[in-house]
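Look at the sequence and the model shown below. The text then goes through the fold step by step.

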Amino acid sequence: MQKTGATLGGEQSGHILFRDGDATTGDGLATALRVMEVMVRSRKPLADLVGDLKVFPQVIKNIRVREKTPFVQVPQIQRAIAEAEGSLNGNGRVVVRYSGTEALARVMVEAENEDTMKTLADSIAGAIQAALGV
């Protein structure tokens with residue numbers, strides 16, 4: 001959200017964040033009120049407002065690691081991430097990060113179809129396992 005200047009963000013879990021106004025909450029009631037506000041202002045039903053929304057399948061893979069070496073320092077991991085992002089061609093998302101509390105690398109991939117999503121996640125997870133896995 002900070003990178004793109006977005007004022008609204010969300011997660012698969014249903015958690016929604018607002019960056020405008022005084023509220024920095026992900027509260028469901030606040031979200032419902034904001035949605036209704038947009039519907040009233042736009043004079044459009046919710047079905048019209050979300051008509052072009054594309055929901056992609058998403059997978060998260062956790063890989064146990066022996067150390068949390070920055071991914072930019074491991075060429076085969078960087079290569080796997082870059083290849084996955086390139087193959088998505090802007091139609092999906094790749095997020096690779098370490099858990100803040102466990103010795104885990106987390107690989108999240110969203111893609112237009114499930115086969116692509118699984119293949120890309122497996123490729124990145126395999127590179128992490130080979131380089132840093134327990």
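Predicted model: local features only at pLDDT ≥ 70, side-chain atom pairs only at ≥ 80, totals over all residues.

Residues are numbered from 1 along each chain as its sequence is written, and side-chain values use heavy atoms, with hydrogens and water left out.

The protein contains 4 helices and 5 strands. Helices (H or I, at least four residues) and strands (E, at least two) are DSSP runs, numbered from the N terminus. Along the sequence, the pattern reads β-β-α-α-β-α-β-β-α.

The C-alpha trace spans about 55 × 30 × 20 Å along the principal axes of the protein. The radius of gyration of the protein is 18 Å, whereas a compact globule of 134 residues would have one near 14 Å. This radius is taken over C-alpha atoms, and the globule rule is 2.2 Å times the number of residues to the power 0.38.

Of the 134 residues, 28% count as buried. Buried means under 20% relative accessible area, exposed means over 50%, and partly exposed lies in between (1.4 Å probe, protein chains only). The protein exposes about 9,000 Å², and carbon and sulfur atoms supply 52% of this area. Accessible areas come from the Shrake-Rupley method with a 1.4 Å probe; for residues, only the protein chains shown count as cover. Contact means heavy atoms within 4.5 Å. Among contacts between residues at least 6 apart in sequence, 56% join residues at least 24 apart.

Now to the helices. Helix H1 (residues 28–42) has 15 residues and reaches 21 Å from its first C-alpha to its last, close to the 21 Å expected at 1.5 Å a residue. The expected span of a helix is 1.5 Å times one less than its number of residues. After H1 comes Arg-43, with a positive phi near 60°. Arg-43 is not a glycine, and it is found in the loop between H1 and helix H2 (46–49). With 77% relative accessibility, Arg-43 counts as exposed. Most residues other than glycine have a negative phi.

Helix H3 covers residues 75–88, and its 14 residues reach 20 Å from first C-alpha to last, close to the expected 20 Å. Which residues of H3 are buried? They are Ile-77, Ala-80, Ile-81, Ala-84 and Leu-88. Seen down the axis of H3, these buried residues fall within an arc of 95°, so they line one face of the helix. The arc is that of the directions from the helix axis to the C-beta atoms. An α-helix has 3.6 residues a turn, so residues three or four places apart point the same way. On the other side of H3, Pro-75 and Glu-83 are exposed. The cover over the buried residues of H3 includes strand E4 (92–98), strand E5 (104–111) and helix H4 (114–132).

H3 is followed by Asn-89, which has a positive phi near 50°. Asn-89 sits in the loop between H3 and E4 and is exposed, with a relative accessible area of 63%.

H4 has 19 residues and reaches 26 Å from its first C-alpha to its last, close to the 27 Å expected. At the start of H4, a side-chain oxygen of Asn-113 reaches to within 3.1 Å of the backbone nitrogen of Asp-115. The buried residues of H4 include Met-117, Leu-120, Ala-121, Ile-124 and Ile-128. What covers the buried residues of H4 includes E3, H3, E4 and E5.

Two single residues remain. Thr-69 lies in the loop between strand E3 (58–64) and H3. Is Thr-69 buried or exposed? Thr-69 is buried, with a relative accessible area of 15%. Not counting residues up to four places away in sequence, Thr-69 touches Val-74, Tyr-98 and Leu-132.

Arg-106 has its place in strand E5. Its side chain makes a polar contact with the side chain of Ser-99 at 3.3 Å. A polar contact is a pair of N or O atoms within 3.5 Å; within protein, one must be able to donate a hydrogen and the other to accept it, and residues adjacent in sequence count only if both atoms are side-chain atoms. Leaving aside neighbours within four places in sequence, Arg-106 is in contact with Lys-61, Asn-62, Val-95, Val-96, Arg-97 and Ser-99.
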